[in-house]
Amino acid sequence: MEIFFGAFMSEWEQRRAALLHDLSLGPKRRSSAEDKMKRRLKAMAELGGGGGAGPGGGGGSRPKMQRASARPIFAVETRAAAVSRPIEARLAAVAQGSQPAVVKMASYGGGARVGAMLNYVSRGGELAVENENGERISSREDLARLRGDWNHLFQNRAESRDIGSFTVEIATAAVSSDEAMHELVRNSLTSAFGDRRYAYAVTRQADGALTVQGAVVLRSGQGERLTGDDRAAGIIQARYDASAAAQGAARFSFQGYGNGVEYGAGKLRSLVERHDGDVRDDRGQIVGDEKLAGDLVQKEWRGDLHSRKGRDVMHLIMSARAGTNVEAFENAARDFLAEQFAGHRYVFAMHDPANDPKEEGEGGKRPHVHAHAIITMRSESGDRIETTPQVFREWRATMAQMARAQGIAMEMTDRREFASPPAFTRNQVRPVSSEGRTEHVGTSEAAQGRYDAKRGGRRSLAKAERSREYAIKATQSWQKIALASGDRRVVAYAEQQRDHLTASLSAGQAEASVNVVHADFGSKFRANLVTLQKVVLEGQEMRESTRAEFEAYEKTVETALFRLERSVGPDERDDFDEVASVARDHVNGRRELMELHEMKGQAQAEQGTATERDERRDGANDRWDAAVAKHGEAVVEAANDVLVDIETSREGLDRIEAGELSNDPRVFRADIERGLARAAELAVQGNTYVREVAEKDPELKRAIEAAEQTQERPAEEQGKTPANVDAVTEQQRDPRPEEAERRPDEPAEQAHELASTVDATNRLQDKLNRDKEAAQRGGETTRTDPAQQHIPRLEELEREELERRERDRDDRDR
């Protein structure tokens with residue numbers, strides 16, 4: 001069947017129709033169609049997609065076809081050749097003066113942050129950016145439209161709200177000392193926040209009242225996450241008011257919330273600065289300076305945040321040494337992006353110190369030339385970018401290849417080839433000066449040590465066995481270069497690097513021989529890493545998992561990451577960040593498969609529901625016609641009204657027992673008893689259809705036998721006992737005081753519960769009677785179709801269940 005997508009008015013209808021069409025083709029046809037589409041997209045990306053402007057186009061755009069025609073110049077060096085370029089050739093080029101290729105990840109961002117990232121790259125619209133088609137975009141309006149053009153590639157997952165800023169106004173009597181004041185404040189905050197971590201500062205007012213300002217981790221130890229807004233303030237206010245600590249009037253409010261360690265550290269440092277170091281945490285420890293504030297968030301609060309950010313785009317930076325030809329490097333960056341990210345949407349801009357509109361004191365006009373790129377994580381064909389150490393190595397190799405093609409001497413390097421210390425991350429330092437080369441300070445003692453080692457050029461070697469083996473190979477390569485080269489400068493440089501590596505290997509060997517336990521058994525980090533690997537790979541066996549199974553799997557992965565992070569040493573932070581990135585990307589991939597499976601199931605259910613409904617209706621109508629032919633229409637109609645009510649109540653009772661409904665089961669039980677009594681009365685009066693149904697319904701059969709025995713009793717005995725459930729109900733409508741006297745030992749709570757049950761039963765019965773009268777006034781629609789008589793009551797039960805689930809979900813979100 002051919003699908004005409006133009007018949008659908010909106011994009012989501014077209015995409016839904018395409019999905020249903022693919023599902024109808026079966027797995028074989030669907031996979032071949034996907035492969036064909038991927039090949040077409042890749043070919044279009046390589047050929048330029050026809051999106052570039054011509055040579056005479058405005059805005060100085062560079063046509064895509066022009067780049068494609070230039071590709072044969074360096075086609076001799078394929079990507080595979082660049083990655084497998086011999087280590088001796090690379091190191092010899094570095095010894096002769098080639099610069100290392102620098103391609104680093106600055107950050108990830110969700111769809112909501114695309115505008116801010118584009119604004120940074122374009123310097124607020126003052127610099128033109130170039131997209132994947134070679135088109136140059138210089139106006140702010142065109143930049144703003146990019147967000148909408150890329151939106152179909154985003155998951156648009158909201159960032160988690162991790163830390164909230166709060167204020168508490170406490171009207172209290174004078175306290176005897178500062179310690180008593182802080183004790184009062186901590187008791188008040190703990191009664192409202194529970195086991196959440198927080199830090200605060202107190203300001204005394206002239207009238208004796210206290211104003212408390214601070215920051216709190218929004219996620220509790222049990223997993224409840226506050227939203228950091230007025231709604232959350234109402235929740236914690238109610239908890240405080242209900243606590244024993246609510247001795248004085250205290251009013252809680254939130255002023256904002258944010259995501260991640262950086263936000264929390266910034267808020268806490270600002271609090272310390274405003275209150276001259278008079279800040280304390282939930283354990284009474286003094287947070288006296290900005291360093292302690294950063295340590296508190298990064299070392300103690302980090303594990304409680306369970307922070308998550310959307311990864312719809314990534315911010316990539318490519319840089320070269322100062323003095324590098326700007327135009328050649330721009331061409332190299334353009335070719336690198338086109339080669340490495342074909343099929344993805346992206347823009348990039350050059351930050352040349354000569355043309356950078358941002359002043360040096362504000363972080364602009366950096367002495368080295370560099371390019372910023374914002375790239376969608378998902379391509380048009382649905383592939384996501386991987387960010388593993390091997391992928392970063394390939395990116396650097398490709399960047400070096402493109403730079404050499406433009407006449408720039410550049411090579412891919414590995415820090416293990418030079419015994420260089422590991423790089424520091426943005427979370428480990430904060431800038432303090434932007435004059436010339438940006439200067440930083442560490443946010444912790446370990447981070448400061450890492451920063452000093454990197455900036456001071458201190459030699460360091462990874463302790464992993466695989467890294468040691470690679471370093472030995474690099475040492476041998478430096479030795480070969482020193483022996484083979486006739487250039488004294490190259491020989492001196494090679495010997496220097498050889499000696500650095502030899503000394504680092506010797507120091508590492510000596511440390512391993514002293515620390516026997518570490519050498520023999522490995523670190524806790526490695527053990528937790530193995531555990532994480534097993535947990536992540538369990539997702540491969542899930543195949544088509546349900547949402548509940550996936551959420552349990554995702555929670556297990558996050559727990560394993562949390563345990564792994566707690567065992568990370570200073571030298572293993574980079575390794576952890578890379579492992580965590582890969583693990584979360586893997587989980588995101590499993591989420592997409594789960595969502596696709598849900599869409600597939602929904603589509604199949606929609607296709608089958610209509611057929612099943614028609615079959616059920618036809619079967620019910622056939623049984624109705626047979627019953628009418630055997631017993632007469634009037635007899636069957638009278639019996640069917642009662643039997644439908646009984647079956648509806650039984651279905652409700654079954655759903656309560658299965659946990660699908662939270663209603664009182666006694667209400668449905670009373671409905672069933674009342675219906676059985678009415679059906680038994682019809683049977684006694686001669687309704688043959690009820691007796692036929694009773695042959696297959698033991699409960700109805702017992703009710704008929706009981707009714708027949710009651711009819712055979714003398715009239716005076718019948719007056720002593722209610723003849724049917726309606727009579728019992730009438731007695732329950734007006735509970736007599738003497739009944740309470742006959743049961744003096746029954747608790748008041750049970751009597752109240754019984755009265756509530758009776759009221760609920762009466763209301764339900766009145767509603768059913770009104771529904772029946774409305775149906776009779778509406779004509780014979782439902783009478784001619786008995787299967788339809790179940791629908792109003794079932795729809796009501798489904799609405800009640802949906803409302804209950806929404807309330808439960810809101811409670812969990814709070």
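This is a predicted model: local features need pLDDT of at least 70, side-chain atom pairs count only at pLDDT 80 or more; totals for chains, interfaces and linings use all residues.
Biologist: Thanks! So where is Thr387 found?
Modeller: Look in the loop between strand E13 (370–376) and helix H12 (389–405).

Biologist: Is Thr387 buried or exposed?
Modeller: Thr387 is buried, because its relative accessible area is 2% and the cut-off for buried is under 20%.

Biologist: Which side chains make polar contacts with the side chain of Thr387?
Modeller: There is Tyr108, joined to Thr387 by a polar contact of 3.1 Å between side chains. The side chain of Ser581 makes another polar contact with that of Thr387, at 2.8 Å.

Biologist: And which residues does Thr387 touch, not counting those up to four places away in sequence?
Modeller: Tyr108 and Ser581 turn up again, along with Met105, Phe392, Trp395, Val582 and Asp585.

Biologist: Let's switch to charges. How many salt bridges does a search of the whole structure find?
Modeller: The search finds 39 salt bridges. One of them pairs Glu330 with Arg136, with 3.7 Å between the closest N and O atoms.

Biologist: Which parts does the pair of Glu330 and Arg136 tie together?
Modeller: Glu330 lies in helix H11 (residues 326–340) and Arg136 in strand E4 (residues 136–137), so their pairing links parts that are 194 residues apart in sequence.

Biologist: Glu330 first: buried or exposed?
Modeller: Glu330 counts as buried, at 18% relative accessibility.

Biologist: What about Asp499? Which side chain does it meet in a salt bridge?
Modeller: Asp499 meets Arg498, with an N to O distance of 3.2 Å. Asp499 counts as partly exposed, at 42% relative accessibility.

Biologist: And Arg650, which side chain does that one meet in a salt bridge?
Modeller: Arg650 pairs with Asp697, at 2.8 Å from N to O. Arg650 lies in helix H20 (residues 633–657), while Asp697 is in the loop between helix H22 (688–694) and helix H23 (698–712), so this pair ties together parts that are 47 residues apart in sequence.

Biologist: New topic: helix packing. At what angle do H7 and H8 pack?
Modeller: Helix H7 (residues 178–193) and helix H8 (residues 230–241) pack at about 120°, and their axes are 7 Å apart. Their crossing is right-handed. On the H7 side, Ser188, Ser191, Ala192 and Phe193 make the contact, and on the H8 side, Ile236, Arg239 and Tyr240.

Biologist: How do those residues divide by class?
Modeller: The contact of H7 with H8 has four nonpolar residues, two polar and one charged.

Biologist: And at what angle do helix H9 and helix H10 pack?
Modeller: H9 (residues 260–274) and H10 (residues 290–305) pack at about 145°, with 9 Å between their axes. H9 passes H10 in a right-handed crossing. Among the contact residues are Gly260, Val261 and Leu268 of H9 and Ala293, Trp301 and Leu305 of H10. By class, this contact divides into nine nonpolar, four polar and four charged residues.

Biologist: What follows H9? Where is Asp276, say?
Modeller: Asp276 is in the loop between H9 and strand E9 (279–281). Its phi is positive, near 50°, in a residue other than glycine. Asp276 counts as exposed, at 74% relative accessibility.

Biologist: And what is the phi of His306?
Modeller: His306 has a positive phi of about 50°, although it is not a glycine. His306 lies in the loop between H10 and strand E11 (313–319), and is partly exposed, with a relative accessible area of 25%.

Biologist: Last one: where is Ala423?
Modeller: Ala423 sits in the loop between strand E14 (410–411) and strand E15 (429–433). Its relative accessible area is 37%, which is partly exposed. Ala423 and Ala453 are 30 residues apart in sequence, and their C-alpha atoms are 9.0 Å apart in space. Leaving aside neighbours within four places in sequence, Ala423 is in contact with Gln428, Arg450, Lys454 and Asp574.

Terms used:
Residues are numbered from 1 along each chain as its sequence is written. Side-chain values use heavy atoms; hydrogens and water are left out. A salt bridge is a side-chain nitrogen of Lys or Arg within 4 Å of a carboxyl oxygen of Asp or Glu. Helices (H or I, at least four residues) and strands (E, at least two) are DSSP runs, numbered from the N terminus. Buried means under 20% relative accessible area, exposed over 50%, partly exposed in between (1.4 Å probe, protein chains only). A polar contact is a pair of N or O atoms within 3.5 Å; within protein, one must be able to donate a hydrogen and the other to accept it, and residues adjacent in sequence count only if both atoms are side-chain atoms. Contact means heavy atoms within 4.5 Å. Axes are lines fitted to C-alpha atoms, for helices over the stretch in contact, and angles run from 0 to 180 degrees between N-to-C directions. A crossing is left-handed if the near helix is turned anticlockwise from the far one by less than a right angle, and right-handed if clockwise. Ala, Val, Leu, Ile, Met, Phe, Trp, Tyr, Cys and Pro count as nonpolar, Asp, Glu, Lys and Arg as charged, and the others, Gly among them, as polar.
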